[in-house]
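Please open the model in your viewer and keep the selection tool at hand. The stops below are meant to be followed in order.

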Amino acid sequence: MESPARKNPTSRAEELHSLIEDERKRRHTTTAVGDTNSEISIVGTNEEYLRAEIRRALLPHEIIASSRPGNHAEENIIEEAAENNLFVVEIGASRPICLDCEDMLNELGISTQTGFSGKKSKNRL
Ligand SMILES: [Zn+2]
C-alpha cells in the first residue's frame with residue numbers, strides 16, 4: 001500500500017538535504033530525488049557519497065544512486081535508474097536545476113516541480 005505521507009520528489013529532496021549537519025556543505029551540495037515508474041525512488045547527491053545523516057533517514061522504497069565524478073545529483077539518479085531498468089518520471093532537487101540538467105530532463109520527458117537556474121553550473125568539469 002502506498003504510504004499516505006509520500007511527498008513529491010522536490011519536497012523530499014529539500015527535506016533530506018536539510019538534514020546535512022555541515023552548514024557549508026548544505027550550501028554547496030545538492031540532494032535530489034527521482035520517482036520512477038515503479039515504487040522505487042532514487043536518492044542522489046553530487047558528493048562522492050550520500051551523507052550518513054541522509055542515509056539514516058531513507059525509507060524502505062528509497063535507494064541510493066552511486067555517484068560518478070563530475071556528475072550532478074540529477075545525472076547520478078538517471079544513470080542509477082537505467083542500471084536498474086527503471087525510468088525516472090519525476091525528479092526534484094534541493095536547489096534550482098542547472099541548464100544542462102534541464103536539457104537532459106526535457107530530452108527524457110522527466111517532469112519536475114523544482115525551479116530552473118537557467119544557467120550552466122559553475123563547478124562543471
Ligand atoms: Zn545540473
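Which handedness does the β-α-β unit made by β4, helix α5 and β5 have? In this predicted model, select β4, then helix α5 (residues 99–108), then β5, and you will have picked out a unit that is right-handed.

Stay with strand β4 (residues 88–93), where 5 of the 6 residues are buried, so that the strand is largely enclosed by the rest of the structure. On one pairing, 2 bridges join β4 to strand β5 (residues 111–112) in a parallel arrangement, and here I91 stands opposite T112 of β5. Now select strand β1 (residues 31–36), which runs antiparallel to β4 and is joined to it by 5 bridges; among the facing residues, D35 has E90 of β4 as its bridge partner, while V33 stands opposite G92.

Next, show the whole open sheet, whose 5 strands follow the order β3-β2-β1-β4-β5 with mixed pairing. At its edges stand β3 (62–64) and β5, each having a single partner strand, so one side of each is left without a neighbour in the sheet.

Finally, centre the view on the zinc ion and show the side chains of its protein donors, H72 through ND1 and C98 and C101 through SG, which lie 1.9 to 2.3 Å from the ion. Along the chain, the donors follow the spacing H-x25-C-x2-C, and both C98 and C101 are buried.

Methods
Residues are numbered from 1 along each chain as its sequence is written. This is a predicted model: local features need pLDDT of at least 70, side-chain atom pairs count only at pLDDT 80 or more; totals for chains, interfaces and linings use all residues. Side-chain values use heavy atoms; hydrogens and water are left out. Donors are N, O and S atoms within 2.8 Å of the metal (3.2 Å for Na, K and Ca); water is not among the atoms, so sites may look incomplete. Buried means under 20% relative accessible area, exposed over 50%, partly exposed in between (1.4 Å probe, protein chains only). Helices (H or I, at least four residues) and strands (E, at least two) are DSSP runs, numbered from the N terminus. Two strands pair if DSSP finds at least two bridges between them. A crossover is right-handed if, with the strands pointing away from the viewer, the path from the first strand over the helix to the second runs clockwise.
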